[in-house]
Amino acid sequence: MTEPIIQVEDFTARYGEALILDHINFQVRRGEIFVVLGGSGCGKSTLLKHMIGLYKPAGGRILINGQDLAKADGAERIQILRTFGVLFQGSGLFGSMSVGENVALPLKEHTTLPPEIIALIVRMKLQMVGLNGFEHHLPSEISGGMKKRAGLARAMALDPDILFFDEPSAGLDPVTSAGLDQLLLKLRASLGTTMVVVTHELPSIYTIADRVIMLDSRKKKIAAEGKPLELRDTHEDPWVRDFFRRQAGPAGGHV
Amino acid sequence: MPAQTKPELRIETSDGAATLAVSGPLNKNTLRAIWPQTQAALARPGAKRLTLDMAQTCSADTSAAAYLLFVKRQAREKGLEVEVKGVPQNLQSLLSLIREDDLDPLCRWWKREGVFEAIGGAASRILADVYAMLVFVGEITFGLASALRHPTRVRWRDTLYYMNRVGADALPISALISFLVGFILAFLGFMQSHQYGADVFIADLVAYGMVRVFGPLMIAILCAGRSGSAFASEIGAMEIAEEVDALDTMGLERARFLIVPKMLALLTMMPILVLFANLAGIAGGFFIGVFGMGLSAPIYVQRTVQILTVWRIASGLVKCLVFAVLIGGIGCLRGFQTRQGPQAVGEVTTSAVVSGLFLIVCVEAVFAVVYHYLGL
């Protein structure tokens with residue numbers, strides 16, 4: 001298949017003494033929707049925060065387009081950061097700016113585009129996420145689902161190669177959440193963006209995921225890797241199959 | 001042929017038809033290169049029809065799509081017929097995500113509001129604020145009245161806590177500030193009165209000035225900064241954590257729980273603070289008068305006692321009760337006006353202090369006139 005766009009090699013994460021992830025390896029391929037899955041506290045968000053360069057790995061390395069974000073600094077780091085966008089769990093919109101200004105910010109700061117073109121791009125991105133006409137609203141004036149979509153518009157502002165999503169459906173109702181899934185599929189189909197999604201929403205995983213990895217909070221390793229339906233039906237570990245069937249195991253599962 | 005790093009724009013005009021042909025990489029990093037030329041071409045097209053040819057463009061992104069839309073719209077606004085051809089595949093799929101007609105007329109939102117719009121907006125905000133204050137005054141009055149009627153329903157434990165914070169904790173700083181104000185007053189007075197040999201009137205000036213104006217005013221300013229802001233941020237944080245909503249839905253009056261204890265604390269503690277402040281200020285004046293300017297201590301004390309009538313002291317205390325209502329009221333009101341967002345609490349806190357100070361100074365001016373005509 002296509003070449004990898006993200007390579008996680010022998011990666012270890014710690015918070016102080018506590019070991020969170022232990023020597024894990026995986027690759028994300030260009031253009032796929034890749035889901036990181038696991039129960040609460042298994043290190044999903046930690047993994048994501050390392051991938052987007054907020055934390056430095058305790059061991060191993062993470063390459064984005066072949067470049068190591070943890071080792072880069074200055075202009076090189078900015079250049080890598082510009083290749084991806086992140087939708088944070090709480091959307092991360094700046095409360096002091098309108099929705100339009102939030103989306104315009106990376107364009108104003110990182111490009112030399114004329115204001116007229118920036119204004120049009122902002123409108124286009126907001127329209128893509130279904131927020132046409134909300135440019136003037138402050139983040140505090142729109143609903144949770146709209147904030148997520150506005151955050152997505154901002155993450156997409158620079159046409160990134162990769163989009164990272166931290167629990168995109170957290171706090172959304174099932175219908176809004178399903179709408180967001182459709183939006184991701186549509187964007188991937190037309191823009192070819194690679195997407196890395198951290199979530200534990202099973203319905204959403206079955207809809208969007210090309211491949212998933214499932215983290216195991218006991219062993220601090222990857223418990224399973226593959227296509228979601230295959231893992232549900234054929235994986236050798238009953239715990240993994242149960243997880244995908246949304247069943248508690250004999251001992252109430254392990255979390 | 002070496003790879004082209006910048007886009008190029010060729011403009012051809014022939015019998016009433018202009019063609020803009022873009023070639024090379026057109027994206028967010030390069031678009032600026034053809035921007036001035038594009039704008040010039042669109043400003044004076046010199047043709048009836050315009051064709052945008054993008055067949056030779058490469059590595060196009062959303063900004064290229066925006067460029068296409070921009071050219072199309074500008075040309076239409078000038079009444080030209082527009083044709084776009086050679087749109088790269090990826091731009092086509094990008095444009096398929098967008099409903100072109102739904103994008104509002106060009107860049108409208110980018111422009112700032114006009115002067116009249118701004119003035120009108122500000123005026124309507126001020127009106128709404130005054131209305132909110134009036135409603136809130138009603139709520140506070142009702143709360144305090146019901147506290148008087150049913151004293152057992154007042155949350156005394158909270159009240160004591162706030163009395164400690166508003167009063168006892170503020171004592172050292174208010175005493176120090178007042179001492180220094182008395183000190184400054186004495187100096188100012190000395191510079192003037194010394195010219196007429198009227199040094200001894202410094203005692204009158206300091207005592208009268210502290211009791212009538214500076215004691216209550218300094219305490220009010222201090223309480224607006226310390227307590228008004230604290231009330232606003234405390235209620236603001238509760239508002240964000242939906243604690244206020246929880247009170248409302250449990251059928252518990254927010255006035256009784258959140259406002260009355262704070263108001264009672266201010267109403268009881270501020271007069272006490274003012275008395276201490278008066279004392280400290282007079283001590284500051286005494287210090288300068290006796291040790292700095294060589295006035296006799298017994299005479300200084302005698303003049304001070306002479307000028308301090310009960311009515312004069314009481315006039316200052318009455319004023320400080322009004323200040324207490326203002327500070328507490330504004331602090332709580334701003335707290336309840338908190339909206340969502342990380343800077344919301346900061347905003348209401350600042351606003352509580354600023355509106356508090358503004359109202360204090362206004363009321364001080366009114367009192368100055370009223371007391372003058374009452375002959376106090």
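This is a predicted model: local features need pLDDT of at least 70, side-chain atom pairs count only at pLDDT 80 or more; totals for chains, interfaces and linings use all residues.

Trainee: How do the residues lining the second largest pocket divide into nonpolar, polar and charged?

Mentor: They split into 6 nonpolar, 9 polar and 6 charged. Ala, Val, Leu, Ile, Met, Phe, Trp, Tyr, Cys and Pro count as nonpolar, Asp, Glu, Lys and Arg as charged, and the others, Gly among them, as polar.

Trainee: What counts as a pocket, then?

Mentor: On a 1 Å grid over the protein atoms alone, it is an open set of points where a 1.4 Å probe fits, with protein on both sides within 12 Å along at least five of seven lines; lining residues have an atom within 4 Å of a point. The volume is the space filled by probe spheres set on the points, which are joined across faces, edges and corners.

Trainee: And which residues lie nearest the centre of the largest pocket?

Mentor: Leu81(A), Phe84(A), Val86(A), Pro106(A) and His110(A), out of 20 lining residues. This pocket has a volume of about 620 Å³. The lining has 13 nonpolar, 3 polar and 4 charged residues.

Trainee: Which element gives the most to that lining?

Mentor: H3(A), with 4 residues. In chain A, helix H2 (75-81), strand E6 (84-87), helix H3 (99-110) and helix H5 (144-155) each supply at least two. Helices (H or I, at least four residues) and strands (E, at least two) are DSSP runs, numbered from the N terminus.

Trainee: New topic. In what sense do E1 and E2 of chain A pair?

Mentor: Antiparallel, over 8 bridges. E1(A) covers residues 4-15 and E2(A) residues 18-29. Strands pair if DSSP finds at least two bridges between them. Phe11(A) stands opposite Ile24(A). Their hairpin has 2 residues between the strands, and Gly16(A) takes a positive phi near 60° there.

Trainee: How many bridges join E1(A) to E4(A)?

Mentor: 5, again antiparallel, with E4(A) spanning residues 59-64. Val8(A) faces Ile62(A) in that pairing.

Trainee: Now Ser169(A). Buried or exposed?

Mentor: Buried, because its relative accessibility is 6%. Buried means under 20% relative accessible area, exposed over 50%, partly exposed in between (1.4 Å probe, protein chains only). Ser169(A) sits in the loop between strand E7 (162-166) and H6 of chain A.

Trainee: What does Ser169(A) contact?

Mentor: Ser177(A), Thr199(A) and Glu201(A), leaving aside neighbours within four places in sequence. Contact means heavy atoms within 4.5 Å.

Trainee: Last one. Where does Asp210(A) lie?

Mentor: In the loop between helix H7 (202-208) and strand E9 (211-216) of chain A. Asp210(A) is partly exposed, because its relative accessible area is 27%. Beyond four places in sequence, Asp210(A) touches residues including Gly31(A), Arg188(A) and Lys227(A).

How values were computed: Residues are numbered from 1 along each chain as its sequence is written. Chains are lettered from A and ligands numbered from 1 in the order in which they are written. Side-chain values use heavy atoms; hydrogens and water are left out.
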